Amino acid sequence: MEGEGEGEGEGYLYLCLCDHIVGIDMKKILSGGFQTNPPDLTALPVDNVTVFKEEKLPFGMGFCVDGSKLYMAGGEWPPKRRRRHGLLELDNSKGYKGISSSMYVADLSDFDAVGKIKFSKLHEFEAPKTSAVMMKINQKIYALSTNFTYFSGFKMYPIPFEVYDPDTHSSKSITRRLQTPPFYERYERGKRDIRGYALVGNTLCVQVGDFDCHFYYVNSGIWRPSPHQNSRFLSSIITNGLGRNLCHGKFVLGCEDVLISILRTRMEAFLLPPPGSNENAPVFCQMFNEVDDDLSKIDEFSYEIDGGLVLNLDKEKMCAIFSCGGNPEHNFLVYIYIFQVSKLPEQPRTKRIKRLQMDFRPVLKDFLSVTCLHKGFYYLNKPGFDFPLITGAFYLRDGKAVCSQKLI
């Protein structure tokens, strides 16, 4: 399937929904040309759809991709009936009060006869997980549960942070609990939750609440409320107020000092100061006006824009994906913007004013040339799309993962 679909260097884009995975051959997307007049809709050229209910999988699982392997864990078992206050009754006969602790694995180079992803159960974590943040670091899979649920409104305290080591042969030590993040203590007051995350080297950066970030250093196994003094790169990002952008963005392949992020509907690019710069070296910010204009047109037609994410596709080539709703005829709507970037000729940086202590404002200035390769506003009409919210996406090329991102 993967080898047949890619062709000419293109790959596969997978959109993760609460209860589906939708596979898209990027060659079909790009061969469709431009659709220059959103909110006009066109059918999404889907190559395969995996339905969790048919595969007897829980809904709303966390995921990570490594090579051709897709790992998914946690989630909520499909609801039985609707409660009076609008939430759904989970299947309490499975997991802990209907919340799963199972982890599954699939080989994305191996599909069944009808093109669906084939999952097998890999492991059982010690504790259940809802909308888990997952990542593979040093051949180990880290699973950090959030307190976000799609159906039940279930809250769990304390929320576990665990690591699975596939190379450990002893069943007693194959899963290890890690230091509970300090911000979890505030969950019981309902003031904080995980809103986004990013992995920088072996450091996990987690956005908590609207603005705060916390950092987990894998090598030491310690959480910190601020970057370590030796983490100059992370310190620069936080000092410049870009923690949220880091947790909702990606660095451009081939331009590692350029960060592109999406905060709900606001898509921006940031050029970070070179290593060794003084504290007054400015961060440049550039808006994506074409995307902003398209989303404004979509919004004018009362379509709901639920949020977006950005993925790397290739060197200096990226894809922005916005989940939409509000159309009575189509449950599933998505705006896709594929683009190529390159740096403009470098110009001398100017100093900026330090407005507040440790508060720097990015300087609005174009530093990228942005070429739109394709854009389209798509719908998908297939039975069973009862919860059509996009929860994440990942991209494969040559049978291996290039990039992935989960929406929280």
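In which strand does serine 131 lie? Select serine 131 to begin: the residue belongs to strand S11, which spans 130-137. Strands (E, at least two residues) and helices (H or I, at least four) are DSSP runs, numbered from the N terminus.

**Ground rules**

This is a predicted model, in which local features need pLDDT of at least 70 and side-chain atom pairs count only at pLDDT 80 or more, whereas totals for chains, interfaces and linings use all residues. Residues are numbered from 1 along each chain as its sequence is written, and side-chain values use heavy atoms, with hydrogens and water left out.

**The whole chain**

Display the whole chain and colour by secondary structure: there are five helices and 29 strands. Of the 408 residues, 55% count as buried; buried means under 20% relative accessible area, exposed over 50%, and partly exposed in between (1.4 Å probe, protein chains only). Among contacts (heavy atoms within 4.5 Å) between residues at least 6 apart in sequence, 59% join residues at least 24 apart.

Next, colour by pLDDT, the predictor's confidence in each residue, from 0 to 100. The chain has a mean of 84, and 84% of its residues reach 70 or more. Confidence is highest in S19, at 97, and lowest in helix H1 (residues 2-6), at a mean of 39. Select residues 1-8, where pLDDT stays under 50 and the model has 21 contacts beyond four places in sequence. Then select residues 353-359, where pLDDT is also below 50; this stretch has four contacts in the model beyond near neighbours in sequence.

Serine 131 is counted as buried because its relative accessibility is 2%.

Move to aspartate 398, in the loop between strand S28 (390-397) and S29. Aspartate 398 is likewise no glycine, and its phi is positive, at about 55°. Is aspartate 398 buried or exposed? Aspartate 398 is exposed, with a relative accessible area of 59%.

**The largest pocket**

Rolling a probe the size of a water molecule over the atoms shows where empty space is left. The search runs on a 1 Å grid over the protein atoms alone: a cavity is a set of points where a 1.4 Å probe fits but cannot get out, a pocket is an open set with protein on both sides within 12 Å along at least five of seven lines, and lining residues have an atom within 4 Å of a point. Grid points are joined across faces, edges and corners, and a volume is the space filled by probe spheres set on the points.

The largest pocket has a volume of about 750 Å³. Select Leu199, Lys250, Val402, Cys403 and Ser404, the closest to its centre of the 27 lining residues. Strands S5 (62-66), S11 (130-137), S15 (194-200), S19 (249-252) and S29 (400-406) each supply at least two residues of the lining. S29 gives the most, with five residues. By class, the lining has 16 nonpolar, eight polar and three charged residues. In this scheme Ala, Val, Leu, Ile, Met, Phe, Trp, Tyr, Cys and Pro count as nonpolar, Asp, Glu, Lys and Arg as charged, and the others, Gly among them, as polar.

**The cavity**

One cavity of 30 Å³ or more is counted. The largest cavity has a volume of about 60 Å³. Select Cys247, His248, Gln405, Lys406 and Leu407, which are the closest to its centre of 13 lining residues. S15, S23 and S29 give two or more residues each to this lining, and S23 gives the most, with three.

**The nonpolar cores**

A nonpolar core is a set of buried Ala, Val, Leu, Ile, Met, Phe, Trp, Tyr and Cys residues joined through side-chain atoms within 4.5 Å. Select Val258, Ile260, Met267, Val291, Phe322, Tyr335 and Phe339, which touch the most other members of the largest core, of 29 residues. Contributors of at least two residues include strand S20 (255-263), helix H5 (289-300) and strand S25 (332-343). S25 provides the largest share, five residues.

Centre on methionine 267: beyond four places in sequence, this residue touches Ile260, Ser261, Ile262, Met287, Phe288, Val291, Ala320 and Phe339. Apart from this core lies another, of 26 residues, among them Tyr14, Phe52, Phe63 and Met72.
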